[in-house]
Amino acid sequence: MALAVTYWCVLVAALLPYVWVSVAKASGERYDNRDPRGWTARQSNPRVHRADAAQLNAYEAFAPFAAGVVLAQLAGVAADRIALLAVLFVVFRILHGLVYVAGWKHSLRSLVWFVAFACVVILFVQAALQVA
């Protein structure tokens, strides 16, 4: 069961950038799919730019998270521990996007980013310790 939860978390993390880009597209003027980056640059609504930044940050966070999950699993880290870290990562990545898009305090955004990042680091450390 724990492994299934972990895999669902990987799927959710993979889809998060698309959630934030959808928010960006819905927050601006009529979306122009012929020039998406130019469209984003021309928008005056700061929510568009924050949602776009949340999208890019979600892409950046996904690969290390997925790699950490795979390495922890291959190393034989307890499935419950991997699942807990994966759930925490996804929860804090969702919070990160919400805080980013809403334009709340940058220190809160940095804090939730750091907690999610710490989950990834812990996955890697657990994997390394398991095979040591």
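The protein has five helices and zero strands. Read along the sequence, the pattern is α-α-α-α-α. Helices (H or I, at least four residues) and strands (E, at least two) are DSSP runs, numbered from the N terminus. This is a predicted model, in which local features need pLDDT of at least 70, side-chain atom pairs count only at pLDDT 80 or more, and totals for chains, interfaces and linings use all residues. Residues are numbered from 1 along each chain as its sequence is written, and side-chain values use heavy atoms, with hydrogens and water left out.

The C-alpha trace spans about 50 × 30 × 25 Å along its principal axes. Of the 132 residues, 39% are buried. Buried means under 20% relative accessible area, exposed over 50%, and partly exposed in between (1.4 Å probe, protein chains only). Among contacts between residues at least 6 apart in sequence, 71% join residues at least 24 apart. A contact means heavy atoms within 4.5 Å.

**Pocket and cavity**

Both terms rest on a 1 Å grid over the protein atoms alone. A cavity is a set of points where a 1.4 Å probe fits but cannot get out. A pocket is an open set with protein on both sides within 12 Å along at least five of seven lines. Lining residues have an atom within 4 Å of a point. Grid points are joined across faces, edges and corners, and a volume is the space filled by probe spheres set on the points.

The largest pocket has a volume of about 210 Å³. Its lining includes Val-21, Tyr-31, Trp-39, Asp-52 and Tyr-59. Helices α1, α2 (36-42) and α3 (46-75) each supply at least two lining residues. The lining divides into seven nonpolar, two polar and three charged residues. Here Ala, Val, Leu, Ile, Met, Phe, Trp, Tyr, Cys and Pro count as nonpolar, Asp, Glu, Lys and Arg as charged, and the others, Gly among them, as polar.

There is one cavity of 30 Å³ or more. The largest cavity holds about 40 Å³ of space. Ala-13, Leu-16, Ala-58, Ala-61, Phe-62, Phe-89 and Arg-93 line it. The elements giving two or more residues to this lining are α1, α3 and α4 (79-102). Helix α3 gives the most, with three residues. The cavity lining has six nonpolar residues, no polar ones and one charged.

**Cysteines**

| Residue | Relative accessible area | Class |
|---|---|---|
| Cys-9 | 8% | buried |
| Cys-119 | 5% | buried |
| Ser-27 | 17% | buried |

**Ser-27**

Ser-27 lies in helix α1 (residues 2-27). Which residues does Ser-27 contact, leaving aside its neighbours within four places in sequence? They are Asn-45, Arg-47 and Val-48. With Arg-47, Ser-27 also makes a side-chain polar contact of 2.9 Å. A polar contact is a pair of N or O atoms within 3.5 Å; within protein, one must be able to donate a hydrogen and the other to accept it, and residues adjacent in sequence count only if both atoms are side-chain atoms.
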